[in-house]
Amino acid sequence: MAKLKGLIIGAGCAGTAVAEGMVVDGRAEPVAFVETNPERRASLAVDFPGAEIVDGDGFDALLAKVKPELVCDAGPDHLHAE
């Protein structure tokens with residue numbers, strides 16, 4: 001069975017834990033991230049090679065390109081609606 005493609009919005013503590021959980025569980029893989037912090041984007045590129053990583057402005061294009069089957073909004077609560 002193919003792994004589900006996961007997109008994580010916000011790669012702080014919660015988002016990173018979800019991504020790592022996907023890897024450990026094995027049924028899904030984090031293939032894309034939306035992260036506004038440049039240092040975290042650089043860290044994600046090392047920890048999840050091959051994953052698409054964009055800042056908040058690239059969200060719509062990322063959705064079209066990756067076509068995730070799972071989306072986890074792990075950003076700050078006040079930004080969830082946006």
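## Sheet and helix

In this predicted model, strand β1, which covers residues 4–9, pairs with β4 in the parallel sense over four bridges, and within this pairing Leu7 stands opposite Val71 of β4. The two strands belong to an open sheet of four strands with parallel pairing, in the order β3-β2-β1-β4. Because β3 (52–54) and β4 (70–73) are at the edges and have a single partner strand each, one side of each is left without a neighbour in the sheet. On average, and with direction ignored, neighbouring strands of this sheet are turned by 25° against each other.

Helix α1, made of residues 13–25, lies across β1, β2 (28–34) and β4, and runs at about 155° to β2.

## The loop residue Gly12

Gly12 is located in the loop between β1 and α1, and, if its neighbours within four places in sequence are left aside, Gly12 is in contact with Glu35 and Arg40.

## Salt bridges

Three salt bridges are found in a search of the whole structure. One of them joins Arg40 to Glu35, with the closest N and O atoms 3.2 Å apart; Arg40 counts as partly exposed at 37% relative accessibility, whereas Glu35, at 4%, counts as buried.

Lys65 and Glu52 also form a salt bridge, their closest N and O atoms being 3.2 Å apart, and this pair links distant parts of the chain, since Lys65 is in helix α3 (residues 59–66) and Glu52 in strand β3, 13 residues apart. Asp25 forms a salt bridge with Arg27, where the closest N and O atoms are 2.7 Å apart.

Notes: Residues are numbered from 1 along each chain as its sequence is written. This is a predicted model: local features need pLDDT of at least 70, side-chain atom pairs count only at pLDDT 80 or more; totals for chains, interfaces and linings use all residues. Side-chain values use heavy atoms; hydrogens and water are left out. Two strands pair if DSSP finds at least two bridges between them. Axes are lines fitted to C-alpha atoms, for helices over the stretch in contact, and angles run from 0 to 180 degrees between N-to-C directions. Contact means heavy atoms within 4.5 Å. A salt bridge is a side-chain nitrogen of Lys or Arg within 4 Å of a carboxyl oxygen of Asp or Glu. Buried means under 20% relative accessible area, exposed over 50%, partly exposed in between (1.4 Å probe, protein chains only).
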